[in-house]
Amino acid sequence: MNKTAKKTIIVHILKILYCYSSSDYPVTQTFIADYLNDIDIACDRKTVGRNMKYLIDMGLPIVKSQGSKRGYYYDIENDKFFIRKNIK
């Protein structure tokens, strides 16, 4: 894997969570790692977990679901991270 791809993993994880997950359809760390490997970005489950922790620590609304639908999802309805303020 080249250095550029390695540095983009966190961005890809955010995109996967934002575009392909919800409270009804959470995604697992394994799913994300498999998805990245399918698009030729070498990644394992532990790398996904570490990067998701960074995203959560930054304040992104990533939720770990419990019960029968285990995984993570991006909680768009409680998203205060990407709120754009009017800039004049």
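Just after α2, Asp40 takes a positive phi of about 65°. This is a positive value in a residue other than glycine. The model is predicted: local features need pLDDT of at least 70, side-chain atom pairs count only at pLDDT 80 or more, and totals for chains, interfaces and linings use all residues. Residues are numbered from 1 along each chain as its sequence is written, and side-chain values use heavy atoms, with hydrogens and water left out.

Asp40 lies in the loop between α2 and α3. Helices here are DSSP runs of H or I, at least four residues, numbered from the N terminus. Asp40 counts as exposed because its relative accessibility is 71%. Exposed means over 50% relative accessible area, buried under 20%, with a 1.4 Å probe and protein chains only.

Step back to helix α2, residues 29–38. Gln29, Ile32, Ala33 and Leu36 are buried there. Seen down the axis of α2, these buried residues fall within an arc of 100°, so they line one face of the helix. The arc is taken from the directions from the helix axis to the C-beta atoms.

Now move on to helix α3, residues 45–57. Lys46 lies in this helix. Lys46 counts as exposed because its relative accessibility is 57%. Lys46 also belongs to a positive surface patch, together with Lys6, Arg45 and Arg50. Like charges are joined within 9 Å, placed at NZ of Lys or CZ of Arg. Helix α3 gives the most to the positive patch, with 3 residues.

Note on methods
Patches are made of residues with over 30% relative accessible area and no salt bridge: like charges are joined within 9 Å, nonpolar side chains (Val, Leu, Ile, Met, Phe, Trp, Tyr) within 5 Å. Accessible areas come from the Shrake-Rupley method with a 1.4 Å probe; for residues, only the protein chains shown count as cover. A salt bridge is a side-chain nitrogen of Lys or Arg within 4 Å of a carboxyl oxygen of Asp or Glu. Lys and Arg count as positive and Asp and Glu as negative; His and the chain ends are not counted. Helices (H or I, at least four residues) and strands (E, at least two) are DSSP runs, numbered from the N terminus.
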